[in-house]
Amino acid sequence: MNTEEVNIIKLSHQVIELFKHQAKQNNIVLDLSIDPDVPVFIFVDAIRLKQILVNLISNALKFTSFGQIHLDIHCISSIADKSILQFSVKDTGVGIKEYNQEKIFQSFVQEDSTTTRKFGGTGLGLAISNKLLGLMNSRMQLISKFGEGSNFYFEIEVQTSEKTREEVLKQGEESVKSQHNATNFLQSLQILIVEDNSINMFLATTIIKKMIPNATLLKAFDGEEALEQFKNNNLDLILMDVQMPKKNGYEAAAAIRKLETTKRIPIIALTAGIMLGEKEKCLQVGMDDYLPKPIMQNDLEIVLKKWIRAK
């Protein structure tokens, strides 16, 4: 498990921001509530935790046609430098019949045929989330009433940091200054985003435009389009999804490396980050780094600073 120090307030707000646009379009109120006694800085596997929360909120939006979705974070107990945190995603959606509540956490099992026809099924999101929680010594739990909504929740034990909330405010001020300085030289960048999922493409372009308003963003929806964009443009950076039709990210990256002559363009893999050996495979085919999906602004900022030199 890749444990790192994480600002849980910042992480949870980032996850909520990913779905604000979709929730607003569907007239759904999407809210976040964090108890005052929740420690700000904790040591946790941030990638896994993000993926679980993203899966839960995405699933809630899929099955909620009106009302509200809430992400609530509570501190169940705290002793010395250990805390038990409870994460809860509540919705006012269709709910789940009692006899179906156990099997929805199983891979490749839908709630029932009616759900599959009407909503497209629950997919693998819940099963994957439950497996990820298993790696964190936890499990997904559910309270649901058919026709009235669901509450998916889990608890994890985390080690807390010594940083205080006052330091969070100070860190935020420094981050604003750092971001201003860091993006000054990025305004003339040409960035290619290769992503076959329209929602992920929208999220990536929105974040980059927010960070670097004057950057030129080019789009490709599969590996073959990525190759054409590479041939026709003087690119500074490529964000490459790894799973795509026609030509996947691994194949596209390898092809680009063969075509390059003098200038080496940084290629950053976009990956769910939950498959063993995925990062190593990205590096083997010629990619330089990777970003876990969904893209977070802070993660992207670090990559830009690392791989793009000032002009």
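Helix α6 (residues 198-211) contributes four residues to the lining of the second largest cavity, the most of any element. Helices (H or I, at least four residues) and strands (E, at least two) are DSSP runs, numbered from the N terminus. The model is predicted: local features need pLDDT of at least 70, side-chain atom pairs count only at pLDDT 80 or more, and totals for chains, interfaces and linings use all residues. Residues are numbered from 1 along each chain as its sequence is written, and side-chain values use heavy atoms, with hydrogens and water left out.

The whole structure holds two cavities of 30 Å³ or more. A cavity is a set of points, on a 1 Å grid over the protein atoms alone, where a 1.4 Å probe fits but cannot get out; lining residues have an atom within 4 Å of a point. Grid points are joined across faces, edges and corners, and a volume is the space filled by probe spheres set on the points. The second largest cavity has a volume of about 70 Å³. Its lining consists of Leu18, Glu195, Asn200, Leu203, Ala204, Ile207, Leu270, Lys293, Pro294 and Ile295. Seven of these residues are nonpolar, one is polar and two are charged. In this scheme Ala, Val, Leu, Ile, Met, Phe, Trp, Tyr, Cys and Pro count as nonpolar, Asp, Glu, Lys and Arg as charged, and the others, Gly among them, as polar.

Asp241 belongs to strand β10. Asp241 is buried, at a relative accessible area of 3%. Buried means under 20% relative accessible area, exposed over 50%, and partly exposed in between (1.4 Å probe, protein chains only). Beyond residues up to four places away in sequence, Asp241 touches Val194, Glu195, Asp196, Gly249, Leu270 and Lys293. Contact here means heavy atoms within 4.5 Å.

At the start of α8, a side-chain oxygen of Asn248 comes within 3.1 Å of the backbone nitrogen of Tyr250.

Lys263 sits in the loop between α8 and β11. Lys263 is partly exposed, with 38% relative accessible area. Apart from neighbours within four places in sequence, Lys263 contacts Asn234, Leu235 and Asp236. The side chains of Lys263 and Asn234 make a polar contact (3.0 Å). Such a contact is a pair of N or O atoms within 3.5 Å; within protein, one must be able to donate a hydrogen and the other to accept it, and residues adjacent in sequence count only if both atoms are side-chain atoms. A polar atom of the Lys263 side chain also lies 2.6 Å from the backbone oxygen of Leu235. Lys263 and Asn234 are 29 residues apart along the chain, and their C-alpha atoms are separated by 9.7 Å.

Asn27, in the loop between α1 (8-25) and β2 (28-34), has a positive phi of about 60° although it is not a glycine. Asn27 is exposed, at 65% relative accessibility. Asn137, in the loop between α4 (125-135) and β6 (141-145), likewise has a positive phi of about 60°. Asn137 is exposed, at 76%.

The protein chain has 10 helices and 12 strands. Of its 311 residues, 49% count as buried.

Conventions
On a 1 Å grid over the protein atoms alone, a cavity is a set of points where a 1.4 Å probe fits but cannot get out, and a pocket is an open set with protein on both sides within 12 Å along at least five of seven lines; lining residues have an atom within 4 Å of a point.
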